[in-house]
Amino acid sequence: SFSMGNQDIRAYLNGLYFEVDQDNIVVVATDGHRLSIGEIKQSNNLANKKTVILPRKAVLELTKLLNKNEHDEVDIHLSDNYFYLVSDNTTIISRLIDGNFPNYAQVIPTDYENTIVIDRQDFLDSLQQASIFVEERTKGVKLAFKDAQLNIFSHSERGQAKTQIAIKNFDKEIEIAFNIHYLISILEKLTTDEINMVVPGGENQSCLLTSIGDETYQYVVMPMRI
(Lines give C-alpha, C1' and ligand atoms only; values in the text may rest on other atoms or scores of the structure.)
Protein backbone atom coordinates (compact mmCIF):
# COMPACT_ATOMS: atom_id res chain seq x y z
CA SER A 1 0.00 0.00 0.00
CA PHE A 2 2.98 2.37 0.47
CA SER A 3 3.23 2.68 -3.33
CA MET A 4 -0.27 4.16 -3.70
CA GLY A 5 -0.70 7.65 -5.05
CA ASN A 6 -1.75 10.39 -2.63
CA GLN A 7 -4.07 13.12 -3.93
CA ASP A 8 -2.97 12.39 -7.48
CA ILE A 9 -5.11 14.04 -10.15
CA ARG A 10 -5.41 10.54 -11.66
CA ALA A 11 -7.92 9.17 -9.16
CA TYR A 12 -7.30 5.54 -10.10
CA LEU A 13 -3.77 5.79 -8.66
CA ASN A 14 -5.06 6.84 -5.23
CA GLY A 15 -5.96 3.31 -4.24
CA LEU A 16 -5.21 -0.40 -4.34
CA TYR A 17 -6.05 -2.47 -7.41
CA PHE A 18 -7.53 -5.94 -6.81
CA GLU A 19 -7.52 -8.59 -9.53
CA VAL A 20 -9.33 -11.74 -8.41
CA ASP A 21 -10.00 -14.95 -10.31
CA GLN A 22 -10.71 -18.56 -9.36
CA ASP A 23 -7.13 -19.29 -8.30
CA ASN A 24 -5.42 -16.01 -7.38
CA ILE A 25 -5.73 -12.66 -5.69
CA VAL A 26 -3.36 -10.02 -7.08
CA VAL A 27 -3.07 -6.60 -5.44
CA VAL A 28 -1.20 -3.73 -7.08
CA ALA A 29 -0.36 -0.17 -6.06
CA THR A 30 1.50 2.51 -8.00
CA ASP A 31 2.03 6.26 -7.94
CA GLY A 32 3.56 6.33 -11.42
CA HIS A 33 7.15 6.18 -10.14
CA ARG A 34 7.13 2.89 -8.23
CA LEU A 35 4.90 -0.16 -8.20
CA SER A 36 4.20 -2.92 -5.67
CA ILE A 37 2.61 -6.26 -6.50
CA GLY A 38 1.43 -8.98 -4.15
CA GLU A 39 -0.02 -12.31 -5.25
CA ILE A 40 -1.84 -14.90 -3.16
CA LYS A 41 -2.67 -18.27 -4.66
CA GLN A 42 -5.95 -19.60 -3.29
CA SER A 43 -9.31 -20.92 -4.46
CA ASN A 44 -11.97 -18.21 -4.79
CA ASN A 45 -15.68 -18.57 -5.36
CA LEU A 46 -15.72 -16.67 -8.64
CA ALA A 47 -16.94 -17.71 -12.06
CA ASN A 48 -15.20 -14.81 -13.85
CA LYS A 49 -12.25 -12.55 -13.12
CA LYS A 50 -13.13 -9.43 -11.13
CA THR A 51 -11.09 -6.21 -10.95
CA VAL A 52 -11.73 -3.27 -8.61
CA ILE A 53 -9.85 -0.27 -7.18
CA LEU A 54 -10.21 0.31 -3.44
CA PRO A 55 -9.69 3.94 -2.28
CA ARG A 56 -6.60 4.87 -0.28
CA LYS A 57 -8.49 5.72 2.92
CA ALA A 58 -10.28 2.37 2.91
CA VAL A 59 -6.98 0.56 2.29
CA LEU A 60 -5.40 2.19 5.34
CA GLU A 61 -8.37 1.25 7.53
CA LEU A 62 -8.33 -2.26 6.12
CA THR A 63 -4.62 -2.59 6.93
CA LYS A 64 -5.23 -1.58 10.55
CA LEU A 65 -8.01 -4.15 10.89
CA LEU A 66 -6.01 -6.98 9.35
CA ASN A 67 -3.02 -6.23 11.58
CA LYS A 68 -5.27 -6.62 14.63
CA ASN A 69 -7.15 -9.64 13.32
CA GLU A 70 -6.44 -12.81 15.31
CA HIS A 71 -7.81 -15.16 12.65
CA ASP A 72 -6.11 -16.27 9.47
CA GLU A 73 -9.09 -15.74 7.19
CA VAL A 74 -11.50 -12.93 6.35
CA ASP A 75 -14.40 -12.81 3.90
CA ILE A 76 -14.21 -10.40 0.96
CA HIS A 77 -17.19 -9.60 -1.26
CA LEU A 78 -16.96 -7.54 -4.43
CA SER A 79 -19.77 -5.85 -6.31
CA ASP A 80 -19.70 -3.38 -9.19
CA ASN A 81 -19.64 -0.39 -6.84
CA TYR A 82 -18.69 -1.63 -3.37
CA PHE A 83 -16.03 -3.58 -1.50
CA TYR A 84 -17.07 -5.55 1.60
CA LEU A 85 -14.76 -7.16 4.16
CA VAL A 86 -16.12 -9.16 7.09
CA SER A 87 -13.90 -10.14 10.02
CA ASP A 88 -15.26 -11.37 13.36
CA ASN A 89 -17.69 -8.66 14.47
CA THR A 90 -16.34 -6.00 12.11
CA THR A 91 -17.50 -5.16 8.61
CA ILE A 92 -15.82 -2.64 6.30
CA ILE A 93 -17.81 -1.31 3.37
CA SER A 94 -16.28 1.08 0.86
CA ARG A 95 -17.23 2.56 -2.46
CA LEU A 96 -14.85 1.72 -5.28
CA ILE A 97 -12.87 4.10 -7.48
CA ASP A 98 -14.28 4.35 -10.98
CA GLY A 99 -11.49 4.20 -13.54
CA ASN A 100 -9.15 2.01 -15.55
CA PHE A 101 -6.02 0.96 -13.69
CA PRO A 102 -2.80 1.06 -15.78
CA ASN A 103 -1.51 -2.13 -17.38
CA TYR A 104 1.01 -2.82 -14.64
CA ALA A 105 2.49 -5.86 -16.40
CA GLN A 106 4.01 -3.58 -19.05
CA VAL A 107 6.51 -2.06 -16.61
CA ILE A 108 7.70 -5.29 -14.98
CA PRO A 109 11.14 -6.27 -16.36
CA THR A 110 11.12 -9.40 -18.49
CA ASP A 111 14.84 -9.53 -19.34
CA TYR A 112 16.68 -11.09 -16.40
CA GLU A 113 20.18 -10.83 -17.87
CA ASN A 114 20.98 -7.88 -15.61
CA THR A 115 20.09 -9.67 -12.36
CA ILE A 116 22.26 -8.85 -9.35
CA VAL A 117 22.32 -10.59 -5.97
CA ILE A 118 22.80 -8.16 -3.06
CA ASP A 119 22.87 -8.53 0.71
CA ARG A 120 19.66 -6.79 1.77
CA GLN A 121 20.88 -5.41 5.10
CA ASP A 122 24.18 -4.12 3.69
CA PHE A 123 22.28 -2.37 0.90
CA LEU A 124 19.76 -0.89 3.33
CA ASP A 125 22.45 0.32 5.76
CA SER A 126 24.40 1.96 2.93
CA LEU A 127 21.33 3.73 1.57
CA GLN A 128 20.34 4.99 5.01
CA GLN A 129 23.83 6.41 5.43
CA ALA A 130 23.69 8.01 1.98
CA SER A 131 20.24 9.49 2.67
CA ILE A 132 21.79 12.01 5.06
CA PHE A 133 23.35 13.83 2.10
CA VAL A 134 20.76 13.49 -0.67
CA GLU A 135 19.59 16.64 -2.38
CA GLU A 136 16.20 17.58 -0.93
CA ARG A 137 14.60 18.44 -4.26
CA THR A 138 15.49 15.28 -6.18
CA LYS A 139 16.14 12.80 -3.33
CA GLY A 140 18.35 11.03 -5.85
CA VAL A 141 21.11 8.51 -5.17
CA LYS A 142 23.53 7.17 -7.79
CA LEU A 143 24.34 3.47 -7.98
CA ALA A 144 27.47 2.43 -9.90
CA PHE A 145 27.96 -1.28 -10.57
CA LYS A 146 31.52 -2.33 -11.46
CA ASP A 147 33.88 -5.26 -10.77
CA ALA A 148 31.46 -7.15 -8.49
CA GLN A 149 31.00 -4.02 -6.39
CA LEU A 150 28.16 -1.56 -5.92
CA ASN A 151 29.26 2.01 -5.23
CA ILE A 152 26.59 4.26 -3.74
CA PHE A 153 26.96 8.04 -4.09
CA SER A 154 24.95 10.95 -2.70
CA HIS A 155 25.76 14.64 -2.39
CA SER A 156 24.17 17.95 -1.50
CA GLU A 157 25.20 21.30 -0.06
CA ARG A 158 25.50 19.55 3.32
CA GLY A 159 28.20 17.16 2.11
CA GLN A 160 28.60 13.87 0.32
CA ALA A 161 28.66 10.16 1.02
CA LYS A 162 30.19 7.19 -0.77
CA THR A 163 29.85 3.57 0.32
CA GLN A 164 30.73 0.28 -1.34
CA ILE A 165 29.24 -3.19 -0.96
CA ALA A 166 29.88 -6.51 -2.67
CA ILE A 167 27.44 -7.93 -5.21
CA LYS A 168 27.11 -11.31 -6.92
CA ASN A 169 26.42 -12.57 -10.45
CA PHE A 170 27.22 -9.31 -12.23
CA ASP A 171 30.33 -8.15 -14.07
CA LYS A 172 29.01 -5.28 -16.21
CA GLU A 173 29.46 -1.55 -15.68
CA ILE A 174 26.21 0.36 -15.15
CA GLU A 175 25.45 3.71 -13.52
CA ILE A 176 21.89 4.57 -12.63
CA ALA A 177 20.02 6.81 -10.19
CA PHE A 178 16.87 6.32 -8.12
CA ASN A 179 14.80 8.11 -5.51
CA ILE A 180 16.59 6.89 -2.40
CA HIS A 181 13.46 6.79 -0.25
CA TYR A 182 11.73 4.47 -2.72
CA LEU A 183 14.60 1.99 -2.46
CA ILE A 184 14.74 2.18 1.34
CA SER A 185 10.99 1.58 1.72
CA ILE A 186 11.23 -1.50 -0.51
CA LEU A 187 14.24 -2.98 1.28
CA GLU A 188 12.41 -2.56 4.59
CA LYS A 189 9.57 -4.71 3.21
CA LEU A 190 11.70 -7.51 1.75
CA THR A 191 12.50 -10.29 4.20
CA THR A 192 15.34 -12.51 2.94
CA ASP A 193 19.03 -11.99 3.69
CA GLU A 194 19.81 -11.65 -0.02
CA ILE A 195 17.65 -10.10 -2.74
CA ASN A 196 17.50 -10.10 -6.51
CA MET A 197 17.79 -6.72 -8.22
CA VAL A 198 17.07 -6.62 -11.96
CA VAL A 199 18.50 -3.32 -13.21
CA PRO A 200 17.51 -1.46 -16.39
CA GLY A 201 19.25 -2.46 -19.59
CA GLY A 202 18.36 -4.26 -22.79
CA GLU A 203 14.58 -4.51 -22.91
CA ASN A 204 14.17 -3.30 -19.32
CA GLN A 205 13.25 0.30 -18.57
CA SER A 206 12.67 -0.21 -14.84
CA CYS A 207 14.23 -1.95 -11.84
CA LEU A 208 12.72 -5.03 -10.17
CA LEU A 209 13.47 -6.08 -6.58
CA THR A 210 12.36 -9.38 -5.05
CA SER A 211 13.29 -11.68 -2.19
CA ILE A 212 15.32 -14.67 -3.32
CA GLY A 213 13.14 -17.77 -3.37
CA ASP A 214 9.92 -15.85 -2.72
CA GLU A 215 8.25 -13.80 -5.44
CA THR A 216 4.98 -13.33 -3.57
CA TYR A 217 5.83 -9.63 -3.54
CA GLN A 218 7.51 -7.76 -6.39
CA TYR A 219 8.63 -4.15 -6.33
CA VAL A 220 9.35 -2.02 -9.39
CA VAL A 221 11.09 1.37 -9.37
CA MET A 222 11.64 3.73 -12.28
CA PRO A 223 15.12 5.28 -12.62
CA MET A 224 15.65 9.04 -12.56
CA ARG A 225 18.11 11.66 -13.74
CA ILE A 226 20.20 13.61 -11.25
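I began with overall size: for 226 residues a compact globule would have a radius of gyration near 17 Å, and the chain comes out at 19 Å, which agrees. I keep in mind that this is a predicted model.

Next I looked up the extents. The C-alpha trace spans about 55 × 35 × 35 Å along the principal axes of the chain.

Of the 226 residues, 45% are buried.

I also checked how far apart in sequence the contacting residues lie. Taking the contacts in the chain with a separation of 6 or more, I see that 59% join residues 24 or more positions apart.

On to secondary structure: I note 3 helices and 15 strands in the chain.

Helix H2 covers residues 120–130 and helix H3 covers residues 180–189; they pack at an angle of about 145° with axes 10 Å apart. I logged the crossing of H2 and H3 as left-handed.

Which residues make the contact? From H2 I list Arg120, Phe123, Leu124, Leu127, Gln128 and Ala130. H3 brings Ile180, Leu183, Ile184, Leu187 and Glu188. Sorted by class, the contact of H2 with H3 has 8 nonpolar residues, along with 1 polar and 2 charged.

Technical notes:
Residues numbered from 1 in each chain as written. Predicted model: local features only at pLDDT ≥ 70, side-chain atom pairs only at ≥ 80, totals over all residues. Heavy atoms only, no water. Axes fitted to C-alpha atoms, helices over the stretch in contact; angles between N-to-C directions. Helix = DSSP H or I, 4+ residues; strand = E, 2+ residues; numbered from the N terminus. Left-handed = near helix turned anticlockwise from the far one by under 90°. Contact = heavy atoms within 4.5 Å. Nonpolar A, V, L, I, M, F, W, Y, C, P; charged D, E, K, R; others polar. Rg over C-alpha atoms; globule rule 2.2 N^0.38 Å. Buried < 20%, exposed > 50% of the residue type's maximum accessible area, 1.4 Å probe, protein only.
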